[in-house]
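Here is a short briefing for a reader new to this structure. Look over the sequence and the model first, then read the points below.

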Amino acid sequence: MMPDASWAVGHPEKLIDFGYRAVHETARQSKAILRAYYGRENTHAYFNGCSDGGREAMMEAQRFPEDFNGIIAGAPANNWTRHFTGFIWNEKALGGAPGGILPVAKLPVIQKAALAACDRLDGVPDSLLEDPRACHFDPMQLVCTAPADGPDCLTRAQAEAVRKIYDGPVNPSTGEQIYPGYEPGTEADPAGWGPWIIGPIQAMFGNSFFSSAVFENPKWDWHTMDFDRDLQFANEKTAHILNSYNPDLRTFRAHGGKLIQYHGWGDAAIAPRDSIAYYKKVEAFLKQFPDSRSDSSKPVGDFYRLFMVPGMGHCGAGTGPNHFGNDDILDSSIWPQDADHDVVLALDRWVTQNVAPAKIIGTGKSGNSKMTRPLCPFPQIVRYKGTGDINDAANFTCAVESNTGR
């Protein structure tokens, strides 16, 4: 998706098409075409999307719950208005104060310090944070002493900017957390903070959304952003069209739908903790509002599972076990083509055989070596058994971790 919403100016119907109508109509018409060609109804329908595709996936589960039997939602941008407010927050953090501009060349310094502080918390020194929520790294410890700036340290303004990015946007009037911050440990990844946070991508998306879709004013200036008033206006005008953050998945569950969501902990485009926040929101809603159409006594994991992926960037790439059927690499030498290693096949097995994925084995690289690592359904995280090759998934297990960190 290109970061240009100029098409929305004066065309609310186009925003509706983008927000939810187009995918639903595509699902309807494609089924009609298949029915006409094959002369019978389809038996199953699946949706697989990441990023805005993940937002669309969640929209389908919430607003059109009978369109698909199974849905995969990767790194969903489903908290759209708050998510894009976070883009402007990061832009102001980096460019709103003298000296706050952060050179890409300093990202390895930050990542090295974050890993030094937190890599061993999970018991495995592998340059991966299994759960960055347990990391309490403070970038202020990198502030230069003498001279005031240097290649291996940060100016005070740069350190404060990094801390704001970690902390995420806050409403200045109410103190409410608007959106989660981004995680430590993968700052220097080539597809991470460099292009997304320091580079132009987040800023381009954020500015285009507010100038075109919200204010319909190409002269809108991000320096004027009010994180109370402007977010409220964005919510009133566009949230009901773009946000797919409704926790009511009762009809999707009653229809027999299965939902798998995944998110990389190293994602620099969409804050990983927001996937956890939405999952918890669904869990709380279904507990508060039971539904007679299905067995409400069963846990959320009976139809909806979330997998957090250590080290992985936006929808893929990054480090760690970042191949699990989530990309287009159909190479059996990278991972076996089966439901234990491929999220699409895992979804199909869940829908057709009612076998929920207890784990999905991801494949990646650790240095020059191949690694495999189980991905665990939230709230479980992977734990090393204490012996054996740390690059072999067989030496890890899934366990519930109580420490949620910062």
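Cys 144 and Cys 153 form a disulfide, with 1.9 Å between their sulfur atoms. The model is predicted. The structure holds 4 disulfides. A disulfide is a covalent bond between the sulfur atoms of two cysteines.

**The link of Cys 144 and Cys 153**

- The torsion about this S-S bond is about 95°, so the disulfide of Cys 144 and Cys 153 is right-handed.
- Cys 144 has 10% relative accessibility, so this residue counts as buried.
- Cys 153 has 16% relative accessibility and therefore counts as buried too. The cut-off for buried is under 20% relative accessible area.

**The link of Cys 118 and Cys 135**

- Cys 118 and Cys 135 form a disulfide, and their sulfur atoms are 2.0 Å apart.
- The link of Cys 118 and Cys 135 is right-handed, with 75° about the S-S bond.
- Cys 118 lies in helix α4 (residues 107-118), and Cys 135 lies in the loop between α4 and α5 (156-167), so the pair ties together parts that are 17 residues apart in sequence.
- Cys 118 and Cys 135 are both buried.

**The link of Cys 376 and Cys 398**

- Cys 376 is joined to Cys 398 by a disulfide, S to S 2.1 Å.
- The link of Cys 376 and Cys 398 is left-handed, with -85° about the S-S bond.
- Cys 376 sits in the loop between β7 and β8 (380-384), and Cys 398 sits in strand β9 (residues 396-400), so this pair ties together parts that are 22 residues apart in sequence.
- Cys 376 has a relative accessible area of 4%, so this residue is buried.

**The pairing pattern**

- Number the bonded cysteines of the protein chain in sequence order, and the pairing reads 1-6, 2-3, 4-5, 7-8.

**The sheet**

- An open sheet is formed by 3 strands, in the order β5-β6-β7. The pairing in this sheet is antiparallel.
- The edge strands are β5 (320-323) and β7 (369-375), and each pairs on one side only.
- From one strand to the next, the twist averages 45°.
- Strand β6 (residues 360-366) runs antiparallel to β7, and 7 bridges join the two.
- Ile 360 has Leu 375 as its bridge partner in β7.

Notes
Residues numbered from 1 in each chain as written. Predicted model: local features only at pLDDT ≥ 70, side-chain atom pairs only at ≥ 80, totals over all residues. Heavy atoms only, no water. Pairing = 2+ DSSP bridges. Helix = DSSP H or I, 4+ residues; strand = E, 2+ residues; numbered from the N terminus. Axes fitted to C-alpha atoms, helices over the stretch in contact; angles between N-to-C directions. Disulfide = S-S within 2.5 Å. Buried < 20%, exposed > 50% of the residue type's maximum accessible area, 1.4 Å probe, protein only.
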